[in-house]
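Here is a briefing on one protein model.

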Amino acid sequence: MKYSTIIGLEVHVELQTKSKMFCRCPASHFNQAPNSHCCPVCLGLPGALPVANKQAVEWTILMGLALNCQISDLSKFDRKNYFYPDLPKGYQISQYDLPLCQKGQLEKVRIRRVHLEEDTGKLVHLTGATLIDFNRSGVPLMEIVTEPDLKSASQAKEFLQTLQQIVRFLGISDADMEKGQMRCEPTVNLKIEKQARVFYTPLVEIKNINSFRFVSKAIEYETQRQRDEFEKTGIEKQAGNKTTRGWNENLGQTVLQREKEEAADYRYFPEPDVPPIRLAKHDIQILRDKLPELPEAKTKRFIAQYGLSEYQAKILTQTREKADLFEKYCRQPQKLSLVEIANLIINKKGDLTEILEQKSKTKITDSKEIEEMVKAVIKENKKAIEDYQKGKANVLQFLIGQIMAKVKGQADANVIRKIFEEKLSHG
Ligand code: ZN
Ligand code: MN
């Protein structure tokens, strides 16, 4: 029996807009007093009218462009109906058949769509009671859906990290998984080749994973579980037998949550209170012009322009801050080589600016400058030189001290000593 894992990803990213998706409430909800950022719109009170957040729409398109998607000239919002206590309206405003972005590609993974929707409230479970905090209700949520093109847990994890990096480069979210700003739902099944026949196991969607490590573990666990299940039952994938499971970190297992889930269950229909979004080519071009240099392009440029290794370039382009710091120091007149600057940034933790300034000062002593200083000190200290040449070796320490004072300690004493010894021995 031969088997391979098939993985598709759904990734939700909270956008860091100032206000929520359809109202003026602040979108920030982390560590805020419960239910302090709410209004009739995000509480779903009768008669409240939603107005779409332009910034959120633009940022979602920006993401679509970064993922090489086609941007729809006509897009609309739909109601996704389901009943859940943290969803006050009884539906989520999402996008169904006309998402903002479709048919993209990142590395070898096809992107099915990127759409915009709203986040739900948060349930806070206490002993004997469950409370609801609606601060998160209505926060703009961008959803990225891939085709099932990923083949292993590690590949899925790497892809998510790349996605997070792009989101951060665009500056549209911190995408911190621990804070729930980025959540991932892998759909996993297996292709099994057995006795010259091919079988596919039923799809399993693993809900709301909030760490890269758990994504890997959940996919690995699910791969093994489906293999075992197929050997026992022989059940194959068919319409309607997709199930939903959750990752339980304590058990180290995925746990069954819901059997069957179809789009029809949500009774999607167009959101009548939000007009469709029409985009002209010109609108899209304006956004395309706003795209910053993305990690992959930056890495390639760093290799070509600065002669860095791929390893160095990749680390330096992990964040925009690191890349900018490197380039800032490259532009300044330096006593350090590009590779030295690169290695300093790569290897050092702490205040890089300080370290780099320190290092570039220290390097003064490598150059001709130090030689000139030594010559000057020899001229100015005839008496001391005589003493030294008579055999008073500790005079050298005094001479080195003269130079150290001039460079305010930012010099290598051994280098100075060497130059002194050279000059003095040759008279
Ligand atoms: Zn509100
Ligand atoms: Mn969603």
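Helices here are DSSP runs of H or I with at least four residues, numbered from the N terminus. Tyr-329 sits in one such run, helix α7. The model is predicted. The points below take the helices one by one, then the helix pairs, then selected residues.

**Helix α1**
- Helix α1 covers residues 54–66, and its 13 residues should span 18 Å at 1.5 Å a residue. The end C-alpha atoms are 18 Å apart, so expectation and model agree.
- Asn-53 caps the N-terminal end of α1. One of its side-chain oxygens lies 3.0 Å from the backbone nitrogen of Gln-55.
- Because 10 of the 13 residues of α1 are buried, the helix is largely enclosed by the rest of the structure.
- The buried residues include Trp-59, Ile-61, Leu-62, Met-63 and Leu-65. Ala-56, Val-57, Thr-60, Gly-64 and Ala-66 are buried too.
- Asn-68 follows α1 and has a positive phi, near 60°.

**Helix α2**
- Helix α2 takes in residues 153–170. Its 18 residues should span 26 Å at 1.5 Å a residue, and the end C-alpha atoms are 26 Å apart, which agrees.
- Among the buried residues of α2 are Phe-159, Leu-160, Leu-163, Ile-166, Val-167, Phe-169 and Leu-170. Thr-162, Gln-164 and Gln-165 are also buried.

**Packing of α5 and α7**
- Helix α5 is residues 295–306, and helix α7 is residues 320–331. Their axes come within 12 Å and cross at roughly 20°.
- Angles under 35 degrees count as roughly parallel, so α5 is roughly parallel to α7.
- The crossing of α5 and α7 is left-handed.
- On the α5 side, Lys-298, Arg-301, Phe-302 and Tyr-306 make the contact.

**Packing of α10 and α13**
- Helix α10 (residues 368–380) packs on helix α13 (residues 413–425) at an angle of about 55°. The two axes are 10 Å apart.
- The two helices, α10 and α13, are therefore oblique to each other.
- The crossing of α10 and α13 is right-handed.
- From α10, the contact residues are Ile-370, Glu-371, Val-374, Lys-375, Val-377 and Ile-378. They meet Ile-416, Ile-419, Phe-420, Lys-423 and Leu-424 of α13.

**Selected residues**
- Buried means under 20% relative accessible area. Tyr-329 has 1% relative accessibility, so it counts as buried.
- The C-alpha atoms of Tyr-329 and Tyr-388 are separated by 42 Å. These two residues are 59 apart along the chain.
- Gln-312 belongs to helix α6, residues 310–316. Its relative accessibility is 10%, so Gln-312 counts as buried.
- Leaving out residues up to four places away in sequence, Gln-312 touches Val-339, Asn-343 and Ile-346.
- Phe-30 lies in the loop between β1 (2–14) and α1. With 40% relative accessibility, Phe-30 counts as partly exposed.
- Phe-30 and Gly-180 are 150 residues apart along the chain, and their C-alpha atoms are separated by 9.5 Å.

Key. Residues numbered from 1 in each chain as written. Chains lettered and ligands numbered in written order. Predicted model: local features only at pLDDT ≥ 70, side-chain atom pairs only at ≥ 80, totals over all residues. Heavy atoms only, no water. Expected span 1.5 Å × (residues − 1). Buried < 20%, exposed > 50% of the residue type's maximum accessible area, 1.4 Å probe, protein only. Polar contact = N/O pair within 3.5 Å; in protein donor to acceptor, adjacent residues only side chain to side chain. Axes fitted to C-alpha atoms, helices over the stretch in contact; angles between N-to-C directions. Parallel < 35°, antiparallel > 145°, perpendicular 65-115°, else oblique. Left-handed = near helix turned anticlockwise from the far one by under 90°. Contact = heavy atoms within 4.5 Å.
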